Amino acid sequence: MEKKNNSASGRLDYYSAEALLAKTYLTKAGVTGTLNQDDLDKAASYAKDVIENSGYSLMENYGDLFKLAYNKNSECLISWRWVASGSNWTRQNTLQDDLAMGGFGSQGGCWGGWNGCSVDLQEAFDVFQLERDPSSWNANPDTRLKATMMLPGFSYDYFRTDKGGFDYLTFIYKQGSTGELESPNGANCVKHIYGTTADHIAGCGEGDDRMASSLATHILRLADVYLILAESKLHGPGSSTTDPDALAAFNTVHQRAVKNANPATSLTWEQVWKERRLELAMEGDRWYDFVRVSYYNPDFCVNELKTQHRGPYYGLNSVYKAYFESGNTDWSVTSSAGYDTGYDAPNVEALMRTDAATGKKYFYLPMCQDDVIYNPNLASTDDEGNPVEPERVDIRATYSY
């Protein structure tokens, strides 16, 4: 394959494959139950070649990555590309309808207001709704926060441009279809949505349709490759490094997102782990991070998943509404609002198997029943290699944004 950069056309190229190979080696490094240094070195080598020689570069503004106007950009190595057409199902992006609040778009869809970013992800971004008021998250220097989730006080000039722009609380209480906060977590999604038909035309020159947009879905970004390089210089949870390549890679990603942040002069594995979560939040990558780390440190993964705040808030609608009606001055969380502590921790062990040789547990995902019916060769096997009955698995309990 020719070593060329296809970012202008949006097509895969040599460096797309090499970046994916770096990610593959980072995963392969732990499959035997302990981290393999040779695999880590290969991950670092491939990642560094992409960073230094591909010609790809991080976009200046993080939020631009997820706008229609930047479907093809200097950062994305692999993306799904869609065409808005309701008459040709499967070639269009349907995510806005699944994630946006009722009344958000122009095509009569959008039923995802009940959805949203978990309380645990909010806390990872230093958002604590029961302890602080909106001034704290409005002052958050991490630009990824506003580009990932909607919160009280946030507005977006690139959504609903034909309707004067978008303000989160104004929309909920004046413009949306329900007139109240729908998200049990108090934060709605920003990534994967584009706005109205007018926004779609302005972004890519053509209209949208019901459950159909042309907004690209980015699968592998250069920022991910930087963090692969940083992590490959470490040796799992509890390790640290002052390796210059690791520091440069981490700082490039972190300082793009957090303006004027001081560069790290030493780095822990946990810092990279958290940076991956914030950088790639709501992009479908987190579960696979847990899978690969579970190969060599399942206890770390199980403990983190079980201690996350994955339940809903109660009573936030009255808090939000009072804040909105006071002109964004009265933020009062009383006994009427709180966090549901009775929410069950996910049964993550149900998605784990035990390695017969080492006795270690790791995450796995059985092939679904429908796929196995069409192709029996995909059937799961037990630890001795014997076929087992295909099963339906609900993996929603493991999703961990």
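Q: Which helices and strands do the buried residues of H1 pack against?
A: First, a note: this is a predicted model. The buried residues of H1 pack against helices H2 (37-53), H9 (222-232), H11 (269-279) and H12 (286-294). They also pack against strands E1 (76-80) and E6 (217-221).

Q: And which residues of H1 are buried?
A: Tyr 15, Ser 16, Glu 18, Ala 19, Ala 22, Lys 23, Tyr 25 and Leu 26.

Q: What happens at the start of H1?
A: Asp 13 has a side-chain oxygen there that comes to within 3.0 Å of the backbone nitrogen of Tyr 15.

Q: How far apart are the end C-alpha atoms of H1?
A: They are 21 Å apart. H1 covers residues 14-28, so 15 residues at 1.5 Å a residue should span 21 Å. The two values agree.

Q: You mentioned H9. How many of its residues are buried?
A: 11 of its 11 residues, so H9 is mostly covered. Among them are Leu 222, Asp 224, Tyr 226 and Glu 231.

Q: Switching topic. At what angle do H10 and H11 pack?
A: About 40 degrees, with the axes 11 Å apart. H10 is residues 244-257. That angle makes H10 oblique to H11.

Q: Is the crossing left-handed or right-handed?
A: The crossing of H10 and H11 is left-handed. On the H10 side, Phe 250, Val 253, His 254 and Arg 256 make the contact. On the H11 side, Gln 271, Val 272, Glu 275 and Glu 279 do.

Q: Now Asn 188. Where is its place?
A: In strand E5, residues 188-189.

Q: Buried or exposed?
A: Asn 188 counts as buried, because its relative accessibility is 1% and the cut-off for buried is under 20%.

Q: What does the side chain of Asn 188 reach?
A: The backbone oxygen of Gly 113, at 3.0 Å. The Asn 188 side chain also makes a polar contact with the side chain of Tyr 168, at 2.6 Å.

Q: Which residues does Asn 188 touch, not counting those up to four places away in sequence?
A: They include Met 101, Asn 115, Cys 117, Thr 148, Leu 181 and Ser 183. Gly 113 and Tyr 168 are on that list too.

Q: Last one. Where does Thr 90 lie?
A: In the loop between E1 and helix H3 (95-99). Thr 90 is exposed, because its relative accessible area is 61% and exposed means over 50%.

Q: How far is Thr 90 from Gly 205?
A: Their C-alpha atoms are separated by 21 Å. Along the chain, Thr 90 and Gly 205 are 115 residues apart.

Technical notes:
Residues numbered from 1 in each chain as written. Predicted model: local features only at pLDDT ≥ 70, side-chain atom pairs only at ≥ 80, totals over all residues. Heavy atoms only, no water. Helix = DSSP H or I, 4+ residues; strand = E, 2+ residues; numbered from the N terminus. Expected span 1.5 Å × (residues − 1). Buried < 20%, exposed > 50% of the residue type's maximum accessible area, 1.4 Å probe, protein only. Contact = heavy atoms within 4.5 Å. Polar contact = N/O pair within 3.5 Å; in protein donor to acceptor, adjacent residues only side chain to side chain. Axes fitted to C-alpha atoms, helices over the stretch in contact; angles between N-to-C directions. Parallel < 35°, antiparallel > 145°, perpendicular 65-115°, else oblique. Left-handed = near helix turned anticlockwise from the far one by under 90°.
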